[in-house]
Amino acid sequence: MEGQVRYASATGSEREQLGSILASTYRVAASCSNGFGQRDLALSALTSAKHLAREVDDPVMTALLESTLSWIYLRGAKLPRAVTVAERAALAIEPSFSNGSRPQLLAYGRLMISAAVAASRREDESAADDYISQAHAAAARLGRDEKLYGTSFGPTAARTEAVGIHVALRNYGRALKLASHPDMKKLPKSMSKVARNRYKLDVALAQCAAGLYDQAGDTLIEVALDAPEWVKHQALPGVIGKRLAKVSTARVRNISELIGMPLIA
C-alpha cells in the first residue's frame, strides 16, 4: 500500500522505477499464489502487474509477465493456451540476434523455455525442440547467466530446462546425455536452490527410467539433504520412490529414513 501511494505521487524516472518494482512484486505474488494452487489470486495479481508495466512502458517486464501467465495456464492444464501465450509474447519481444539488448534476449529466452515446457507436456516433441533451440540461441548470445526482475536466464537455464523437457517427452537417454555434459557437473552458485534441485529431480527420474537405480537414489538423497523442507512439497520424490521400490523396498525405506520423509506407504 505504501508503494502504491508513493507511485501515485511520483513523476519521471522515479515513477518508472517504482512502477517496475511494484510490477515485480505483484509478479512474485502471482507466482507464489500459483505455486499454492490459488489460480484466481494469481491471475488477479498478474492483472495488477500488467497494468503497472504498461503504465511505465516496460516491454521487458510485460514479456516476463506473460511467461508467468503461461506457467499459470500450465499448472491449470491449459496446455495449448500456455504455449500460445509464451510464443506470442516471445514474438513481440524477439530481439535481433546481432544487436538485441540483453534484457530482450533474457526475456525472449525465458519465454521460449516456457513455450518448450508447455509443448513437452503436450507431447509435441517437434515444437518443444524448436522452442528450446531458440532458447539455446538466446543463451549463447547472452554468453552468461543473468538475472532481471527476479528471473534468471542464460546457458545454465537453457541446459537444465532442456533436461526436464526431454524427461517430460520420455527421451530419457537424451536427457541423461545432456546431464552428463561437463558444464552440468558443477552448477554455478548463482543458480537458485529451487532451480538446481528441480533439475536434479528430473535427472533422478531419468536415471530411474534408464535402470540406474543406485544413481537415482543417490541423486534423490542429495536433493533431500540440500532442501529438506522444499522436497516434502514436491510430487517427483514420491514418483521416484515408487519406481525404486519395484527394485528394492528396503533401499527406499532406508532413503526415507535418511531424508526424513516417507516415499512409499
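A residue counts as exposed when its relative accessible area is over 50%, and as buried when that area is under 20%. The legends below describe close-up views of a predicted model.

**View 1. Arginine 170 in the loop between H8 and H9.** Arginine 170 is exposed because its relative accessibility is 52%, above the cut-off of 50%. The residue belongs to the loop joining H8 and H9, and follows just after H8. Its phi is positive, at about 65°, although arginine 170 is not a glycine. Most residues other than glycine have a negative phi.

View 2. Helix H8 covers residues 155–168, and its 14 residues should span 20 Å at 1.5 Å a residue; the end C-alpha atoms are 20 Å apart, so the two values agree. Eleven of the 14 residues are buried, leaving H8 mostly covered. Among these buried residues are Pro155, Ala158, Val163, Ile165 and His166. Their cover includes helices H6 (102–121), H7 (125–142), H9 (172–179), H10 (182–185) and H11, together with strand E2 (151–153).

**View 3. Tyrosine 149 between two strands.** Tyrosine 149 is located in the loop that links strand E1 (146–148) to E2. Its relative accessible area is 30%, and tyrosine 149 is therefore partly exposed. The phi of tyrosine 149 is near 55°, a positive value in a residue other than glycine.

**View 4. Arginine 196 in helix H11.** Arginine 196 lies in helix H11, which comprises residues 193–209. With a relative accessible area of 17%, the residue is buried. A polar atom of the arginine 196 side chain lies 3.5 Å from the backbone oxygen of methionine 191. When neighbours within four places in sequence are left aside, arginine 196 is in contact with Leu187, Met191 and Asp226.

**View 5. Helix H4 and the elements that cover it.** Helix H4 extends over residues 59–75; at 1.5 Å a residue its 17 residues should span 24 Å, and the end C-alpha atoms, 25 Å apart, agree with this. Twelve of the 17 residues are buried, and H4 is thus described as mostly covered. The buried residues include Val60, Met61, Leu64, Glu66, Ser67, Ser70 and Tyr73. They pack against the helices H2, H3, H5 and H6 and the strands E1 and E2. After H4 comes alanine 77, with a positive phi near 65°.

**View 6. Serine 114 in helix H6.** Serine 114 forms part of helix H6. Its relative accessibility is 13%, so serine 114 counts as buried. Apart from neighbours within four places in sequence, serine 114 is in contact with Ser67, Ser70 and Ala86. The C-alpha atom of serine 114 is separated by 30 Å from that of leucine 263, which is 149 residues away along the chain.

**View 7. The packing of H5 on H6.** Helix H5 (residues 79–93) packs with H6 at an angle of about 160°, and their axes are 8 Å apart. The two helices are therefore roughly antiparallel to each other, since an angle over 145 degrees counts as such. H5 passes H6 in a left-handed crossing.

**View 8. The packing of H6 on H7.** The axes of H6 and H7 are 8 Å apart, and the helices pack at an angle of about 160°. This angle makes H6 roughly antiparallel to H7. The contact involves, among others, Arg102, Leu106, Met112 and Ser120 of H6 and Tyr131, Gln134, Arg141 and Leu142 of H7. H6 passes H7 in a left-handed crossing.

**View 9. The packing of H2 on H3.** Helix H2 (residues 12–35) and helix H3 (residues 39–55) pack at an angle of about 165°, with 8 Å between their axes. H2 is for this reason roughly antiparallel to H3. The crossing of these two helices is left-handed. Among the residues that meet are Arg15, Leu22, Tyr26 and Asn34 in H2 and Leu41, Leu46, Leu52 and Glu55 in H3.

Note on methods. Residues are numbered from 1 along each chain as its sequence is written. This is a predicted model: local features need pLDDT of at least 70, side-chain atom pairs count only at pLDDT 80 or more; totals for chains, interfaces and linings use all residues. Side-chain values use heavy atoms; hydrogens and water are left out. Helices (H or I, at least four residues) and strands (E, at least two) are DSSP runs, numbered from the N terminus. Buried means under 20% relative accessible area, exposed over 50%, partly exposed in between (1.4 Å probe, protein chains only). A polar contact is a pair of N or O atoms within 3.5 Å; within protein, one must be able to donate a hydrogen and the other to accept it, and residues adjacent in sequence count only if both atoms are side-chain atoms. Contact means heavy atoms within 4.5 Å. The expected span of a helix is 1.5 Å times one less than its number of residues. Axes are lines fitted to C-alpha atoms, for helices over the stretch in contact, and angles run from 0 to 180 degrees between N-to-C directions. Angles under 35 degrees count as roughly parallel, over 145 as roughly antiparallel, 65 to 115 as roughly perpendicular and the rest as oblique. A crossing is left-handed if the near helix is turned anticlockwise from the far one by less than a right angle, and right-handed if clockwise.
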